Amino acid sequence: MENIDSFKVIGIETETTNQNGKSAEDLGKLWEQFYTENVPSKIPNKTSDEIYSIYTDYESDYTGKYTCVIGIKVDSIDQIPNGLIGREFKNGKYQKFVAKGQMPNAVFETWQEIWEKDKKLNRKYTADFEVYGQKSQNGENSEVEIYIATE
């Protein structure tokens with residue numbers, strides 16, 4: 001269990017659901033937009049270059065609608081460029097998982113494990129997130145950290 005301090009991000013978002021493969025399509029488009037529009041270059045006040053993919057605004061649990069935000073951690077959301085959004089996430093307890101292997105398959109497989117353990121994890125469904133740092137671009141040896149909000 002890890003305690004994570006509150007943090008702010010600026011990025012882009014979409015609403016989706018895990019039903020009928022919709023999230024794979026929607027999140028694929030969101031990642032594509034993030035890179036084709038070079039969103040990282042537009043974000044002011046960055047505190048690192050790590051990319052955060054955050055799942056929040058849950059309607060219910062992982063079977064309902066939710067919002068995905070892809071962005072970068074910032075120290076202020078006072079200046080949000082046109083077309084981007086700023087969000088603040090509260091501190092809390094998180095269970096950390098590490099997806100290892102070829103991306104995005106390794107992340108998807110790790111989420112499958114998380115969903116299988118859903119009840120045991122005592123999930124809060126406030127905000128869960130993935131962190132794409134330097135190790136996330138290493139081909140078959142890639143690593144992405146996944147943090148699940150827990151009670």
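These are my notebook entries on a predicted model, taken in the order in which I looked things up.

**Helix 3**

I began with helix 3, residues 105-116, and checked its length: at 1.5 Å a residue its 12 residues should span 16 Å, and since the end C-alpha atoms lie 17 Å apart, the two values agree. I then asked which residues of helix 3 are buried, and noted Ala 106, Val 107, Thr 110, Trp 111, Ile 114 and Trp 115. For the spacing of such a list I keep in mind that an α-helix has 3.6 residues a turn, so residues three or four places apart point the same way. The buried residues of helix 3 pack against strand 3 (46-56), strand 6 (92-100), helix 4 (118-121), strand 7 (127-132) and strand 8 (143-150).

**Nonpolar cores**

Next I turned to the largest nonpolar core, where, of its 31 residues, Val 107, Trp 111 and Ile 146 touch the most other members. At least two residues of this core come from each of strand 2 (7-17), helix 1 (22-36), strand 3, strand 4 (65-74), strand 6, helix 3 and strand 8. There is also a second, separate core of 13 residues, and I wrote down Phe 7, Tyr 52, Val 69 and Val 131 as being included in it. Going back to Trp 111, and leaving out residues up to four places away in sequence, I found that it touches Tyr 55, Arg 123, Asp 128, Glu 130, Ile 146 and Ile 148.

Is Asp 118 buried or exposed? Its relative accessible area is 8%, so I recorded Asp 118 as buried. Beyond four places in sequence, Asp 118 touches Tyr 62, Arg 123 and Tyr 125. Tyr 125 sits in the loop between helix 4 and strand 7 and is itself buried, with a relative accessible area of 14%.

**Backbone geometry**

As a reminder to myself, most residues other than glycine have a negative phi, and most peptide bonds are trans. Against that background I noted that Tyr 125 has a positive phi near 55 degrees, and that Asp 57, also not a glycine, has a positive phi of about 55 degrees. Asp 57 belongs to the loop between strand 3 and strand 4 and, with a relative accessible area of 40%, is partly exposed. The peptide bond from Met 103 to Pro 104 is cis, with omega near 0 degrees, and Pro 104 is placed in the loop between strand 6 and helix 3.

**The largest pocket**

Pro 104 came up again when I looked at the largest pocket, which has a volume of about 640 Å³: of the 23 residues that line it, those nearest its centre are Leu 27, Tyr 55, Pro 104, Val 107 and Glu 130. Which element gives the most to this lining? I found that helix 1 does, with six residues, while helix 1, helix 3 and strand 7 each supply at least two.

**Gln 33**

My last entry stays with helix 1, where Gln 33 is found; at 27% relative accessibility Gln 33 counts as partly exposed. Setting aside neighbours within four places in sequence, I saw Gln 33 in contact with Ile 12, Asn 38 and Val 39. I also took the separation between the C-alpha atoms of Gln 33 and Asp 78, which is 23 Å for residues 45 apart along the chain.

Technical notes. Residues numbered from 1 in each chain as written. Predicted model: local features only at pLDDT ≥ 70, side-chain atom pairs only at ≥ 80, totals over all residues. Heavy atoms only, no water. Helix = DSSP H or I, 4+ residues; strand = E, 2+ residues; numbered from the N terminus. Expected span 1.5 Å × (residues − 1). Buried < 20%, exposed > 50% of the residue type's maximum accessible area, 1.4 Å probe, protein only. Contact = heavy atoms within 4.5 Å. Core = buried A, V, L, I, M, F, W, Y, C linked by side-chain atoms within 4.5 Å. 1 Å grid on protein atoms, 1.4 Å probe; cavity = no way out; pocket = protein on both sides within 12 Å on 5 of 7 lines; lining within 4 Å. Points joined across faces, edges and corners; volume = space filled by probe spheres on them.
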